[in-house]
Amino acid sequence: MAKQTNLGPSPLDTLLNGLWRENPVFVMVLGMCPTLAVTNSVTNAITMGIATTFVLVGSSTLVSLMRNVVPKQVRIATYIVIIATFVTIVDYVIQAISLQVYQALGAFIQLIVVNCIILGRAEAFASKNTVHRSALDAIGMGLGFTIALLCLGCVREVLGAGTFMGARVTGDRFEPWGLMVLPPGGFFVLGAWLLVFSWWRQRGDAKASQPDETEKANAA
């Protein structure tokens, strides 16, 4: 349970919120298009995660800075312009660093501008909180999204191609499951991770709800 203070959740709770309690993929089930489309390799998953985190942190920080200046009636349009600016930066940077990765990610780099995680955090959190807290929230959400993509990318690349970041990790007798690098494989792996994550959360909640042994002894 998040530690509450008179001023709200602590900075650490704000940072960790996106990693666990409100993970954008495994809990809120947001950003499904890039999650399913680009996680057929670990490299693509990491690149998309870093790109989304950069846009998320930059846009949330700027939205928080301008929250008292932007009129309420045009706030959504303003958020989209801010997000599109950071997406354009990411688009050119990835293209300059690796044309191969840029081509593999395709239109999903430009589509970060309509990623509901980014616009959702801008409207629900950054527009109502300080710059420091908004940046922490964006970092946590970005890392949570990146970790989720990495979880899918690892499973899909190893099973689908027998490699990890391009290096072979399986024996000669292993026959790659080609389905795993195709879109249906993304659904199967995502479903499996959702089951694991749900079971893990329920197990943790059950342990947390059990009375402490010391409390039992005191009660006796």
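Helices are DSSP runs of H or I with at least four residues, numbered from the N terminus, and their axes are lines fitted to C-alpha atoms over the stretch in contact, with angles running from 0 to 180 degrees between N-to-C directions. The model is predicted, so local features need pLDDT of at least 70 and side-chain atom pairs count only at pLDDT 80 or more, while totals for chains, interfaces and linings use all residues. Residues are numbered from 1 along each chain as its sequence is written, and side-chain values use heavy atoms, with hydrogens and water left out.

The axes of helix 3 (residues 42–65) and helix 6 (residues 116–124) come within 9 Å and cross at roughly 20°. Helix 3 and helix 6 are therefore roughly parallel, a term for angles under 35 degrees. On the helix 3 side, Thr52, Val55, Leu56, Ser59, Ser60 and Val63 meet Ile117, Ile118, Arg121 and Ala122 of helix 6, where contact means heavy atoms within 4.5 Å.

With helix 4, the axis of helix 3 again comes within 9 Å, but the crossing is at roughly 145°. Among the residues that make this contact are Ala51, Phe54 and Val55 of helix 3 and Ile83, Phe86 and Val87 of helix 4.

Isoleucine 112, leaving aside neighbours within four places in sequence, is in contact with Met48, Ala51, Thr52, Val55, Ile83, Val87 and Ile118. The largest nonpolar core has 37 residues, and Phe26, Met48, Val55 and Ile112 have the most contacts inside it. Such a core is a set of buried (under 20% relative accessible area, 1.4 Å probe, protein chains only) Ala, Val, Leu, Ile, Met, Phe, Trp, Tyr and Cys residues joined through side-chain atoms within 4.5 Å.

Notes
Helices (H or I, at least four residues) and strands (E, at least two) are DSSP runs, numbered from the N terminus. Angles under 35 degrees count as roughly parallel, over 145 as roughly antiparallel, 65 to 115 as roughly perpendicular and the rest as oblique. Buried means under 20% relative accessible area, exposed over 50%, partly exposed in between (1.4 Å probe, protein chains only).
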